[in-house]
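Please open the model in your viewer and keep the selection tool at hand. The tour below moves from one selection to the next and says what is to be found at each stop.

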Amino acid sequence: MSDEAIPGAVRTHCPYCALQCGTELRAAPGGAVAVTPSDFPVNRGGLCQKGWTAPEVLSVRDRLRTPLVRGGDGALAPAGWDEALDLVAGRLREIRAASGPDAVAVFGGGGLTNEKAYLLGKFARLALGTSRIDYNGRFCMSSAAAASNAAFGIDRGLPFPVTDLGAADVVLLAGANPAETMPPLMRHLDRPALIVTDPRRTPTAARAKLHLRTAPGTDLALALGLLHTAVLEGLVDEAYVAERTRGFEEARRLALGWSPERTERVTGVPASALREAVALLAGAERAYILTGRGAEQHSKGTDTVAAFVNLALALGLPGREGSGYGCLTGQGNGQGGRELGQKSDQLPGYRSIADPAARARLAQVWGVPESRLPGPGPSAYELLDSLGRPDGPRALLVAGSNPVVSAPHAGRVTERLASLDLLVVADFVPSETARMADVVLPVTQWAEEEGTLTNLEGRILRRRALLTPPKGVRSDLEVLQGLAVRLGEPAGHYPTAPREVFDEIRRATSGARADYAGITYARLDAGEALYWPCPQTDPTEGVPGVAGPHPGTPRMFLEGFGHPDGRARFAAVEFREAAEVVSPAYPLVGTTGRVLAHYQSGAQTRRVAALGAAEPEAFVEVHPDTARRFGVAEGQYARVSSARGSVVARVRFAEGLRTDTVFLPFHFAGRGRANLLTNPALDPTSRMPEFKVSAVRIEPEPGGAR
């Protein structure tokens with residue numbers, strides 16, 4: 001049976017996280033949509049509460065159904081599509097003529113389909129001619145991507161299927177809380193003994209055999225201490241290191257400075273627990289090390305991930321079936337989004353925009369001179385922080401993102417957005433960013449559109465439409481074509497049919513690291529499980545002497561790594577403090593993260609009744625001893641402040657939290673915006689901001705009783 005052959009229904013995938021759980025959608029009476037989980041490998045018939053309630057967002061009362069244009073009175077008012085697109089295109093032409101192509105910018109999202117992400121990058125670089133394009137995925141997986149590219153020569157979140165985790169003996173989760181962020185993944189983690197690093201006793205940590213309760217910002221020291229222990233106790237796989245890697249001696253030398261006792265002094269994790277963790281990993285026949293945002297969202301995130309990769313390599317895990325290293329990618333299309341062209345330094349296929357051969361190849365596919373392609377641009381936060389400044393963009397197009405809530409130092413980002421001459425937002429609900437826009441363009445939702453996404457294991461999946469979009473709503477592809485034509489581009493260069501865009505993606509990525517050339521809608525609709533790289537090998541399409549299409553690559557690195565010599569690289573990394581440390585004025589560490597009921601900036605989940613009831617407002621977790629020290633009471637409102645701003649949130653006691661730390665979820669708007677506190681200090685390699693460590697203080701909010 002093909003993947004589509006369900007009378008009166010469609011098989012598709014959840015619109016939220018990178019697990020991309022399989023679902024079946026059916027039209028229900030009264031125009032409603034019923035969702036049931038399918039027996040897809042990653043979720044095995046399960047869904048979290050976000051997945052079960054996802055159809056409610058399709059019919060929320062404030063769904064955007066017509067373009068909105070800000071009038072002379074300062075209010076957004078309904079407008080026709082021609083009026084809105086003509087206005088946007090006209091203003092873009094004026095700004096480019098006056099200030100050059102880099103005076104306009106584009107900010108994309110990790111939830112856009114592959115087709116949207118690809119065409120958005122093409123639109124930015126050709127129709128606008130700008131180098132100023134990046135996306136919110138920079139805030140999620142960029143540190144792990146940089147570390148993986150350096151170590152393995154390629155970055156795929158999980159270089160193995162999720163289902164392999166179920167046969168593991170031990171899994172180390174570094175800064176990951178999948179019990180809340182992707183609950184169906186826990187079905188694959190019932191068997192393994194879990195080692196969890198986290199300053200909080202999260203639901204994931206509560207299930208762990210061993211919880212390493214690190215001080216925020218010290219995961220790098222922890223990983224160095226773990227490698228030190230493996231070396232000193234003779235647990236390094238010497239044959240693997242000699243045959244399959246390079247650079248071990250320098251990594252070993254640096255790790256030898258991190259005895260378990262020194263590591264304990266810095267991280268707070270007992271030396272005995274370090275030794276136990278290494279013994280569990282080294283003694284397992286099948287073991288995995290997985291990193292999440294807790295280890296990655298730091299100004300030293302790339303080095304932190306590299307240190308955990310070093311540990312995995314020393315134990316001989318990557319490139320061995322049944323073991324390995326992986327990153328738990330967060331956003332729904334965080335993998336496809338970063339490899340198909342909306343990242344400032346990359347072209348489709350994970351090619352570098354600075355590589356002359358890659359530029360020439362893509363120019364050929366696009367039918368333009370290579371000279372038309374701009375060079376690399378600034379990273380996400382740097383782009384947002386430059387808006388409206390003398391040398392920065394004067395106009396911004398936002399697609400699939402809500403940076404007013406999700407960006408670090410959100411107060412400053414909001415000011416920069418307000419300083420623009422033109423802000424255009426394409427969305428399906430009036431997010432906090434859309435409410436600031438000069439023009440709002442209503443676009444389709446997940447159950448109203450076709451396309452593909454690439455989940456955290458590198459598997460390409462089909463999104464299928466059950467519903468016809470509401471009258472007045474267009475797809476992102478139609479919006480991009482409409483603007484491109486008004487800017488003088490040929491309509492045929494910007495297809496509006498997702499299948500046509502995907503066929504172009506196949507050509508654009510052919511021969512690249514993230515090679516989609518052998519993947520077709522027909523193969524996906526026939527139910528094939530296709531993981532990139534999947535090169536074109538069908539003899540009917542130009543590759544003689546090869547029988548049949550390429551089966552895809554569910555497990556990478558079994559024969560060699562992505563570097564030319566086939567060997568993985570250890571990284572020479574050393575610990576350094578967070579960019580901001582505590583002081584008498586700000587004596588606590590503030591850290592942020594997700595909770596079970598909400599997703600990302602909350603623009604979707606805060607509109608779902610059941611999810612809003614489960615977590616209706618911003619809260620701050622505080623250890624009871626810390627609360628007594630600073631005079632705040634459970635259930636009352638407190639003000640949490642950093643050098644950048646203040647948040648008001650309801651106090652929630654958490655016995656399992658470190659006494660030097662407070663935790664805030666980042667899903668809420670208004671005075672509960674956690675990112676008003678966060679530090680935009682950037683990792684020098686990945687340009688990841690330091691979301692996870694901010695020096696803060698907490699105090700009672702006047703009038704903040706229950």
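What follows is a walk through cysteines, sheets, a single leucine and a helix.

This is a predicted model, in which local features need pLDDT of at least 70 and side-chain atom pairs count only at pLDDT 80 or more, while totals for chains, interfaces and linings use all residues. Residues are numbered from 1 along each chain as its sequence is written, and side-chain values use heavy atoms, with hydrogens and water left out.

**Cysteines**

Begin by selecting the cysteines: the structure holds 0 disulfides, a disulfide being a pair of cysteine sulfur atoms within 2.5 Å. Cys14 is in no disulfide, and its nearest cysteine sulfur, that of Cys48, lies 6.0 Å away. Cys21 is likewise in no disulfide, the nearest cysteine sulfur being that of Cys17 at 5.9 Å. Cys14 is buried, with a relative accessible area of 9%, and Cys21 counts as buried at 6%; here buried means under 20% relative accessible area and exposed over 50%, with partly exposed in between (1.4 Å probe, protein chains only).

**The sheet β1-β2-β3**

Next, select the strands β1, β2 and β3, which form an open sheet in that order with antiparallel pairing. Helices (H or I, at least four residues) and strands (E, at least two) are DSSP runs numbered from the N terminus, and two strands pair if DSSP finds at least two bridges between them. Which strands stand at the edges? They are β1 (9-13) and β3 (33-37), each with a single partner strand, so one side of each is left without a neighbour in the sheet. Strand β2 (residues 22-27) pairs with β3 in the antiparallel sense over 5 bridges, and in β3 you will find Pro37 opposite Thr23.

**Strand β18**

Move on to strand β18 (residues 439-442), both faces of which are covered: Val439 and Leu441 on one side are buried, as are Val440 and Pro442 on the other. Strand β4 (residues 68-70) runs antiparallel to β18 and is joined to it by 2 bridges, with Leu68 opposite Val440. Strand β17 (residues 422-427) runs parallel to β18 and is joined to it by 4 bridges; in this pairing, Asp427 stands opposite Pro442.

**Leu461**

Now select Leu461, which lies in strand β20 (residues 460-463) and counts as buried at 3% relative accessibility. Leaving aside neighbours within four places in sequence, Leu461 is in contact (heavy atoms within 4.5 Å) with His13, Gln20, Phe40, Gly451, Thr452, Leu453 and Asn455. If you then pick Leu480, you will find that Leu461 and Leu480 are 19 residues apart in sequence and 23 Å apart in space, C-alpha to C-alpha.

**Helix α15**

Finish with helix α15 (residues 356-366), where Ala358, Arg359, Leu362, Ala363, Val365 and Trp366 are buried. These residues cover an arc of only 160° around the axis, which puts them on the same side of α15; the arc is that of the directions from the helix axis to the C-beta atoms. Among the elements covering this buried side are α3 (114-127), β14 (346-347), β15 (351-352) and α20 (498-509), whereas the face turned away from it carries the exposed residues Pro356, Ala357 and Gln364. At the start of α15, a side-chain oxygen of Asp355 reaches to within 3.1 Å of the backbone nitrogen of Ala357, and just after the helix Gly367 takes a positive phi of about 70°.

Notes:
A polar contact is a pair of N or O atoms within 3.5 Å; within protein, one must be able to donate a hydrogen and the other to accept it, and residues adjacent in sequence count only if both atoms are side-chain atoms.
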